[in-house]
Amino acid sequence: MTFDHPFEEGTTLDRFIFETTQAHPEATGQFATLLQQVSLAARMVSSRVNRAGLAGMLGATGEVNVQGEFVQKLDEYANNTFKKALEHPGVVAAIASEEDERPFYPPDRFRSGRYVFCMDPLDGSSNIDVNATIGTIFAIFRRRSPEGTRAGMDDILRSGRDIVAAGYVIYGSGTVLVIAAGSGVHGFTLDPNVGEFFLSHPDIRLAPSARTYSINEGYAASWDPRLRQWIEGLKSSGDGWKARYIGSLVADFHRNLLKGGIFLYPATRSSPQGKLRLLYEAMPLAFIAEAAGGAATDGHRPILDLEATALHQRAPLFIGNREEVAAVTELLSQP
Ligand code: AHG
Ligand code: MN
Ligand code: MN
């Protein structure tokens with residue numbers, strides 16, 4: 001999608017959605033409704049996150065999810081809130097979530113819409129209890145099967161190149177929604193008093209090169225030795241490299257997107273596919289990185305060239321400024 005004119009700061013998310021979809025006379029309104037419902041769910045989760053310590057939302061539910069991780073109360077709240085917001089307006093055919101073993105299909109009483117929504121409803125859950133930044137990550141695909149029929153796995157297991165829009169919401173010192181929907185990457189900050197997102201970061205671009213790296217160095221002993229050497233090289237280069245690692249992908253990515261940087265979650269000996277999930281963590285952020293002039297690979301191929309073959313599939317992730325992603329990818333691709 002393209003705009004004829006740049007958006008002014010202060011533009012509401014609603015206006016952005018309206019003008020973006022107006023540019024497409026063939027649009028049915030489903031995409032606009034989908035984004036509006038994402039905005040609603042994001043505002044609800046944001047409000048809950050802000051009151052988490054008071055609303056009894058800290059801590060675990062006692063359940064373990066399909067990834068073998070303890071489910072936090074906010075994971076469950078965010079998962080249910082996004083599903084509830086999206087199931088009824090007839091705009092989604094399926095929702096894939098980190099928290100659900102199987103895809104969620106809107107109940108029969110609702111129309112099965114045109115889009116497939118893949119989400120990590122609450123990213124960085126280990127940071128909830130310490131009030132550090134967390135977020136929601138999502139990718140949107142257009143379904144392959146006809147609208148109105150029940151969708152299936154074929155609609156969900158896709159190539160990253162099929163993504164039509166992707167975004168994330170970061171619940172930090174402020175709540176910011178960043179979206180890439182074919183017209184560049186734009187950030188909107190929630191004004192909690194008004195209850196609306198306003199354009200605050202128009203047309204975000206990643207510089208070609210960076211001086212910040214984000215990786216969990218605690219695992220260095222189990223990385224590919226070439227990666228260990230590369231990181232050591234940055235540190236001893238005298239080029240002013242800084243390390244920053246929050247442990248919430250969405251927060252590490254957001255900082256690097258605005259300030260420049262490379263985020264790395266490599267394969268380790270015990271996790272040859274790394275930790276992060278392809279469909280709802282790596283792919284959406286890769287879509288945003290590319291749209292902002294950056295890059296993302298799994299150490300060999302662009303993330304967006306990969307085809308998902310399983311819902312909760314993992315992939316190593318190297319994402320951020322083009323030069324650094326290319327350098328580390330070239331290194332790891334050597335036989
Ligand atoms: P989630 O909370 O959705 O399970 O994701 C946690 C992820 C990601 O946000 C972060 O980058 C990574 O876990 C951190 O993992 P390590 O603690 O292994 O560094
Ligand atoms: Mn996550
Ligand atoms: Mn999560």
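# Burial, metal donors, strands and ring pairs

Guide: Glu281 is buried, with a relative accessible area of 1%.

Visitor: Why is Glu281 called buried?

Guide: Buried means under 20% relative accessible area, exposed over 50%, and partly exposed in between, using a 1.4 Å probe and protein chains only. At 1%, Glu281 is under the cut-off and therefore counts as buried. Asp120, at 0%, is buried too.

Visitor: What kind of model do these values come from?

Guide: This is a predicted model, in which local features need pLDDT of at least 70 and side-chain atom pairs count only at pLDDT 80 or more, while totals for chains, interfaces and linings use all residues. Residues are numbered from 1 along each chain as its sequence is written, chains are lettered from A and ligands numbered from 1 in the order in which they are written, and side-chain values use heavy atoms, with hydrogens and water left out.

Visitor: What makes a residue a donor of the manganese ion (ligand 2), and which ones are the protein donors?

Guide: A donor is an N, O or S atom within 2.8 Å of the metal (3.2 Å for Na, K and Ca); water is not among the atoms, so sites may look incomplete. Asp120 (OD), Asp123 (OD) and Glu281 (OE) lie 1.9 to 2.1 Å from the manganese ion (ligand 2), so they are within the 2.8 Å limit. Their spacing in sequence is D-x2-D-x157-E.

Visitor: Which residue bridges the manganese ion (ligand 2) and the manganese ion (ligand 3)?

Guide: Asp120 does, and the two ions lie 3.7 Å apart. Asp120 belongs to strand 4 (residues 115–123) and Glu281 to helix 7 (residues 278–291), so this pair ties together parts that are 161 residues apart in sequence. Helices (H or I, at least four residues) and strands (E, at least two) are DSSP runs, numbered from the N terminus.

Visitor: Why is strand 7 described as largely enclosed?

Guide: Six of the six residues of strand 7 (residues 175–180) are buried, so the rest of the structure largely encloses this strand. Both faces are covered: Thr175, Leu177 and Ile179 are buried on one side, and Val176, Val178 and Ala180 on the other.

Visitor: How do you know that strand 7 pairs with strand 6 and with strand 8?

Guide: Two strands pair if DSSP finds at least two bridges between them. Strand 6 (residues 163–171) and strand 7 have six bridges, in the antiparallel sense, and strand 7 and strand 8 (residues 185–191) have five, also running antiparallel. Both counts meet the cut-off, so both are pairs. Val169 stands opposite Leu177, and Ile179 stands opposite His186. A hairpin of three residues joins strand 6 to strand 7; the hairpin of strand 7 and strand 8 has four residues between the strands, and there Gly182 takes a positive phi near 95°.

Visitor: What makes strand 3 and strand 9 the edge strands?

Guide: The open sheet of seven strands has the order 3-4-5-6-7-8-9, with mixed pairing. Strand 3 (92–97) and strand 9 (196–201) each pair on one side only.

Visitor: Why is the pair of Phe82 and Phe117 called stacked?

Guide: Rings of Phe, Tyr and Trp (its six-membered ring) pair if their centres lie within 6.5 Å; planes under 30 degrees apart count as stacked, over 60 as edge-to-face and the rest as tilted. By this rule there are seven aromatic pairs. The rings of Phe82 and Phe117 have centres 6.5 Å apart and planes at 15°, so this pair is stacked. Phe82 lies in helix 3 (residues 73–87) and Phe117 in strand 4, so the pair ties together parts that are 35 residues apart in sequence. Phe82 is buried at 0% relative accessibility, and Phe117 is buried at 0%.

Visitor: What makes Tyr245 and Phe263 a stacked pair?

Guide: Their rings are 6.2 Å centre to centre, with 15° between the planes. Tyr245 lies in the loop between strand 11 (242–243) and helix 6 (249–259), and Phe263 in strand 12 (residues 262–265), so the pair ties together parts that are 18 residues apart in sequence.

Visitor: Is Tyr245 buried, exposed or partly exposed?

Guide: Tyr245 has 33% relative accessibility and counts as partly exposed, whereas Phe263, at 2%, is buried.

Visitor: Why is the protein called as compact as a globular protein of its length?

Guide: The protein has eight helices and 14 strands. Its radius of gyration is 19 Å, close to the 20 Å that the globule rule gives for 335 residues, so it is as compact as a globular protein of that length. The radius is taken over C-alpha atoms, and the rule is 2.2 Å times the number of residues to the power 0.38. Of the 335 residues, 55% count as buried.
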